[in-house]
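Morning, everyone. Please have a look at it while I talk.

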Amino acid sequence: MNPTEKGYKTVNGIQMYYEIYGSGKPLVLIHGGGSSILFDYKEVIERLADKFQLIGIDLQNHGMTEHRDIPETFEQDAHDAAALLKEISIEKASFWGFSNGGNTVMQIAHLYPKIADKIIVASAFFKKNGMIDGFFESMQEVDLDSIPEPLKINFLQLNPDFSKLENLFDKDSKRMQQFQDWDEEILTSIQSPALFISGDKDMMKPEHTVEMWRLVPDAQLMILPASHGSYMMADFDGMINKNLIDFTAAEVEKFLNH
């Protein structure tokens with residue numbers, strides 16, 4: 001599984017890393033907090049690279065992309081993703097965002113409606129009360145040891161600078177600690193066909209995914225028997241639910257080709 005293209009583009013003052021797999025209609029893959037392209041999307045890329053042009057992006061402070069010393073926001077990530085696509089001459093694409101990446105994808109559809117063909121919002125949220133009870137309270141208590149070990153290992157393999165890991169943790173945790181509920185208008189403004197996905201044992205309550213689905217006109221909804229992301233990637237123990245991921249990939253393919 002080798003990218004057909006990979007490299008860096010200068011985007012809003014930083015060197016932003018991307019990888020492209022396969023060919024066809026473009027689908028941009030946006031990873032979650034603390035993560036990177038292949039950590040979240042390896043299984044998806046293996047299943048869909050022969051069906052679409054998959055464009056993976058490492059967001060600011062993540063993976064192999066450069067770091068900034070400004071607060072992370074979902075809006076900034078949306079601006080960066082849109083600017084990167086311009087640099088690689090992609091005028092319009094579909095977007096799949098997982099976890100925090102799903103929040104970024106909603107912002108892309110809201111802020112850049114012309115570039116967003118279809119969107120897949122996987123395990124995301126737009127209000128604090130949508131997360132499982134205690135989530136935001138626990139975010140006030142986190143320290144560097146709170147990063148799941150597989151994410152730490154993944155980051156240091158891609159970027160063996162411990163001070164960068166500290167910056168990633170600092171920016172990611174502050175984004176959650178300072179998160180303010182979004183106005184519903186961000187979702188009701190979305191004009192792209194949307195598919196909302198989450199697991200029944202996810203970090204956000206199933207009811208919250210339903211709430212987002214109801215706000216976006218003509219959206220589709222898929223709640224799977226899964227924990228956070230295990231419907232599309234290995235869990236933190238490295239376990240892969242092949243049949244479930246096959247199902248998710250097939251449903252996404254149907255949604256994108258419909």
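One definition to begin: helices (H or I, at least four residues) and strands (E, at least two) are DSSP runs, numbered from the N terminus. With that, valine 11 belongs to strand β1.

Now the ground rules. This is a predicted model, so local features need pLDDT of at least 70, side-chain atom pairs count only at pLDDT 80 or more, and totals for chains, interfaces and linings use all residues. Residues are numbered from 1 along each chain as its sequence is written, and side-chain values use heavy atoms, with hydrogens and water left out.

Back to valine 11. Is valine 11 buried or exposed? Buried, with a relative accessible area of 1%. For that term, buried means under 20% relative accessible area, exposed means over 50%, and partly exposed is in between, with a 1.4 Å probe and protein chains only. What does valine 11 touch? Leaving aside residues up to four places away in sequence, valine 11 touches Met16, Arg68, Asp80, Ala83, Leu84 and Glu87. Contact here means heavy atoms within 4.5 Å. Phenylalanine 179 is 168 residues from valine 11 along the chain, and their C-alpha atoms are separated by 25 Å.

Next, the sheet. Strands of a sheet pair through backbone hydrogen bonds, either parallel or antiparallel. Two strands count as paired if DSSP finds at least two bridges between them. Here 8 strands form an open sheet, with mixed pairing. The order is β1-β2-β4-β3-β5-β6-β7-β8. Which strands stand at the edges? β1 (5-11) and β8 do. Each has a single partner strand, so one side of each is left without a neighbour in the sheet. Neighbouring strands are turned by 20° against each other on average, direction ignored.

Let's go to strand β5, residues 93-98. In β5, 6 of the 6 residues are buried, so the strand is largely enclosed by the rest of the structure. In a regular strand the side chains alternate between the two faces of the sheet. In β5, Ala93, Phe95 and Gly97 point one way. Ser94, Trp96 and Phe98 point the other way.

Who pairs with β5? Strand β3 (residues 26-30) pairs with β5 in the parallel sense over 4 bridges. Valine 28 stands opposite phenylalanine 95 there. Strand β6 (residues 116-122) also pairs with β5 in the parallel sense, over 5 bridges. Glycine 97 has valine 121 of β6 as its bridge partner. And β3 has a further partner: 5 bridges join β3 to strand β4 (residues 53-57), running parallel. There, leucine 29 is bridged to glycine 56.

Now the helices. Two packed helices are described by the angle between their axes and the distance between the axes. Axes are lines fitted to C-alpha atoms, for helices over the stretch in contact, and angles run from 0 to 180 degrees between N-to-C directions. Angles under 35 degrees count as roughly parallel, over 145 as roughly antiparallel, 65 to 115 as roughly perpendicular and the rest as oblique.

First pair. The axes of α2 (residues 74-87) and α3 (residues 100-111) come within 8 Å and cross at roughly 70°. That makes α2 roughly perpendicular to α3. The α2 side of the contact has Phe74, Glu75, Asp77, Ala78, His79 and Ala81. The α3 side has Asn100, Asn103, Thr104, Gln107, Ile108 and Leu111.

Second pair. The axes of α5 (residues 149-158) and α6 (residues 162-177) come within 10 Å and cross at roughly 130°. That makes α5 oblique to α6. Lys152, Phe155 and Leu156 of α5 meet Phe162, Lys164, Leu165 and Leu168 of α6.

Third pair. The axes of α1 (residues 37-48) and α9 come within 10 Å and cross at roughly 60°. These two helices, α1 and α9, are therefore oblique to each other. Glu43, Arg47 and Leu48 of α1 meet Lys242, Ile245, Asp246, Ala249, Val252 and Glu253 of α9.

How do helices sit on the sheet? α3 lies across β3, β5, β6 and β7 (194-201), at about 145° to β5. α9 lies across β3, β5, β6, β7 and β8, at about 170° to β8.

Last stop: asparagine 241. Where is asparagine 241 found? In the loop between β8 (220-227) and α9 (242-257). Asparagine 241 is partly exposed, with a relative accessible area of 39%. Alanine 226 is 15 residues from asparagine 241 along the chain, and their C-alpha atoms are separated by 9.3 Å.
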